[in-house]
Amino acid sequence: MSSMAESEDSRMLQKLSRIATQISEIPSFKTVIKRRCWDLTRRIRFLTPLFQELQNDVVLSHDVYDALDSLHEALLKAKELLHFASQGSQLFMILEREQIKCKFTDVAVRFERGISKISFDELDISEEVKEQVALVTAQFRRAKEKFDPPGLELYEHLLPVFNQSYDVNTETAELCLICEKLQFTHVDDIKQESLALQKMVVDRGFPFEKSIHDMSIVLKKFEEFLVMKSGNNVVSTSEDFPHTDEPYVKLCPQSLVVPDEFQCPISLELMKDPVIICTGQTYERSCIKKWLAAGHETCPKTRQILSSRVLIPNHVLYSLISNWCEANGVESPKRLGSLRLCKTASDGSSELIDLDILMNKLASNDIDNQRLAAGELRLLAKNNGQNRMLIAKAGAIPLLVDLLYVPDAGTQEHAVTALLNLSIYEDNKACIMASEAVPGILHVLENGSMEARENAAATFFSLSVVEENKMVIGASGAIQALVTLFCKGSQRGKVDAATALFSLCLYQGNKGRAIRAGIVPKLIEMLTKPGGEMRDEALAIMAVVVNHPDGKAEIGSMNVVPTLVELIDNGSSRNKENAASVLVHLCSADPLHLSIVSSLGLINPLLDLAENGSERGKRKAAQLLGLIGDHCEYTRKLSTRF
């Protein structure tokens, strides 16, 4: 291929890497669409290693170049969409939700098609990258098939206000709810939304003048509402609600019409304990539980397949229903089964904590309430298995995942530690993974306080106990961050990182990632460092990565054999078996290492290990003795021959 063609290939790969980097640097996204945007940026970040590895060999076939050109178009579309999601109007995103859905679906289709055109067998790229790209392809396929339009619940509340079909009192309640969901807390927030709307008109030539006019009227209503409320104390959604175990008695006069939004879509009765399911719909808790218990796997209203069976209390709607009941002389609904968790104090005494109140604070937009609730949940989940189960069932996990991205260090630390403690309960691991927690935990691992980073590493270890999670965590970029903590963290951070790395590297694809992240020199340093603070952990990881070809080559080049021989002679039982395991790999088909081992007087320590060690130690000692014996016999025959 000509140098001109090679240059063109190189430029294509540089463009792909540059756009992927630009996308990863988009700082934030609007509330209503944030989760979907983080999902898309994470998938794009997973593709970056493909572009980087291809740059090592820029001679691309015509088919591969065409496929990369398709990916280039997909990246440009994704960049445009994500910039809009970062700077655009939230009202537009909600009211034109189907249009936004189509744009995300189109991007997913473009990526899936572009990747599917690449014949990876023809490319000189690592197995890890192939696995990572396969994972991303599957994620884009699922996103294409199952993408939900953003803000369905908000759409249902906003549409009547937009159409001006509500009376003043009801509209005020809707404005209160929408402002909270969109995090409109000050008049300045409304001004920013108005500027975003105006910019969209200028940049995109938005053609629907009436819709823009109506949106402006709605924004004016929001502004007037916030101005009106700024002078008095508004009842916050984080306010403590009354609870009782008494049964609910319905006392609505027949002449009183219950608002549709207060009725359960299943029973058509006033809800006393409204809960939100994963599709964004709200139902009476007892009704939706019966629906799920009957074996249904879809949302009763939208017929969407349920990705999760978690029920999240709808505190805002409960408050609105209570206020409506009080205003109309109707007995307020009393929630059944208010959950109270047991908290044990340092002096051994116990107290009961109302879980609903904590959930209410966790779901609020007040950072002080969020920090307090996350810290309380962290403690409640620390040593109590029943608490871990109940906290997860109450829907705390997705809310804690959202708090991993907040700039407040204390809240972030409480959130990741609460997830760590919740993950101890086996069933919660799947819920944490399904809540897309991995990118958030990685964010804390890279940017949090040292204690938060330590607990993020421990959380990755806890989640990696499940085999299929090892690949997902490894593909996220967590290996590099863990190696950094292993090299530069606090003593506890190094131990937590080592534990996570050991577990993750049991999956073959993650070994190469750890080696490329520079773990081997640090392992050698810890192995030979006086005092041996991290020797046990370093040797355990070395015994895992040495069976990767790159790991074996790099470890073998660093003159570590004498240290390993010394550990077999004088180390702990665990160190003896791990050192023997490393030497077995280094010495296999390597006469140079076998000669060094044979010359260092290892036979007697190995015989002792073969007789008195653990089952694994006995097996490794026997293997190494066999290799040494074969080498000595070969050397003897060779010497007599000449």
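Modeller: R303 is found in the loop between helix 11 (285–293) and strand 3 (312–313). Keep in mind that the model is predicted.

Biologist: Why is R303 called exposed?

Modeller: Exposed means over 50% relative accessible area. R303 has a relative accessible area of 54%, so R303 is exposed.

Biologist: What is noted about the phi of R303?

Modeller: The phi of R303 is near 65 degrees, which is a positive value in a residue other than glycine.

Biologist: Which loop holds N559, and what is its phi?

Modeller: N559 sits in the loop between helix 27 (549–556) and helix 28 (561–570). The phi of N559 is near 55 degrees, again a positive value in a residue other than glycine.

Biologist: How do you know whether N559 is buried or exposed?

Modeller: The cut-off for exposed is over 50%. N559 has a relative accessible area of 63%, and therefore counts as exposed.

Biologist: Where does a glycine take a positive phi?

Modeller: Just after helix 21, G477 has a positive phi of about 100 degrees. In helix 21 (residues 467–475), the buried residues are N469, K470, I473, G474 and A475.

Biologist: What makes L600 partly exposed?

Modeller: Partly exposed lies between the two limits, under 20% for buried and over 50% for exposed. L600 has 37% relative accessibility, so L600 counts as partly exposed. L600 lies in the loop between helix 30 (591–599) and helix 31 (603–612).

Biologist: Which residues does L600 touch, leaving aside its neighbours within four places in sequence?

Modeller: With those neighbours left aside, L600 is in contact with V561, P562 and V565. L600 and V561 are 39 residues apart along the chain, and their C-alpha atoms are separated by 9.5 Å.

Biologist: Why is Q281 called buried?

Modeller: Buried means under 20% relative accessible area. Q281 has 3%, so Q281 is buried. Its place is in the loop between strand 1 (274–276) and strand 2 (282–284). Q281 and P300 are 19 residues apart in sequence and 9.0 Å apart in space, C-alpha to C-alpha.

Biologist: What makes helix 16 mostly covered?

Modeller: Six of the eight residues of helix 16 (residues 396–403) are buried. These are A396, I397, L399, L400, V401 and L403.

Biologist: How do you know whether E454 is buried or exposed?

Modeller: E454 has 7% relative accessibility, so E454 counts as buried, the limit being under 20%. E454 lies in helix 20 (residues 450–464).

Biologist: What makes the pair E454 and S490 a polar contact?

Modeller: The atoms, N or O, must be within 3.5 Å, with one able to donate a hydrogen and the other to accept it. The side chains of E454 and S490 make such a contact at 2.4 Å. Not counting residues up to four places away in sequence, E454 touches S490, R492, G493 and D496.

Biologist: Why is helix 20 called oblique to helix 22?

Modeller: The axes of helix 20 and helix 22 (residues 478–488) come within 11 Å and cross at roughly 130 degrees. That angle makes helix 20 oblique to helix 22, because over 145 would be roughly antiparallel and 65 to 115 roughly perpendicular. The crossing of helix 20 with helix 22 is left-handed.

Biologist: Which residues meet between helix 20 and helix 22?

Modeller: M450, R453, A457 and F460 in helix 20 meet A478, L482, T484 and L485 in helix 22. By class, this contact has six nonpolar residues, one polar and one charged.

Biologist: At what angle do helix 26 and helix 29 pack?

Modeller: Helix 26 (residues 535–545) and helix 29 (residues 573–587) pack at about 35 degrees, with axes 9 Å apart. Their crossing is left-handed. Among the residues that meet are L539 and A543 in helix 26 and A579 and V582 in helix 29. The contact of helix 26 with helix 29 has six nonpolar, three polar and two charged residues.

Biologist: How many helices and strands does the protein have?

Modeller: The protein has 32 helices and five strands. Of its 642 residues, 51% count as buried.

How values were computed:
Residues numbered from 1 in each chain as written. Predicted model: local features only at pLDDT ≥ 70, side-chain atom pairs only at ≥ 80, totals over all residues. Heavy atoms only, no water. Helix = DSSP H or I, 4+ residues; strand = E, 2+ residues; numbered from the N terminus. Buried < 20%, exposed > 50% of the residue type's maximum accessible area, 1.4 Å probe, protein only. Contact = heavy atoms within 4.5 Å. Axes fitted to C-alpha atoms, helices over the stretch in contact; angles between N-to-C directions. Parallel < 35°, antiparallel > 145°, perpendicular 65-115°, else oblique. Left-handed = near helix turned anticlockwise from the far one by under 90°. Nonpolar A, V, L, I, M, F, W, Y, C, P; charged D, E, K, R; others polar.
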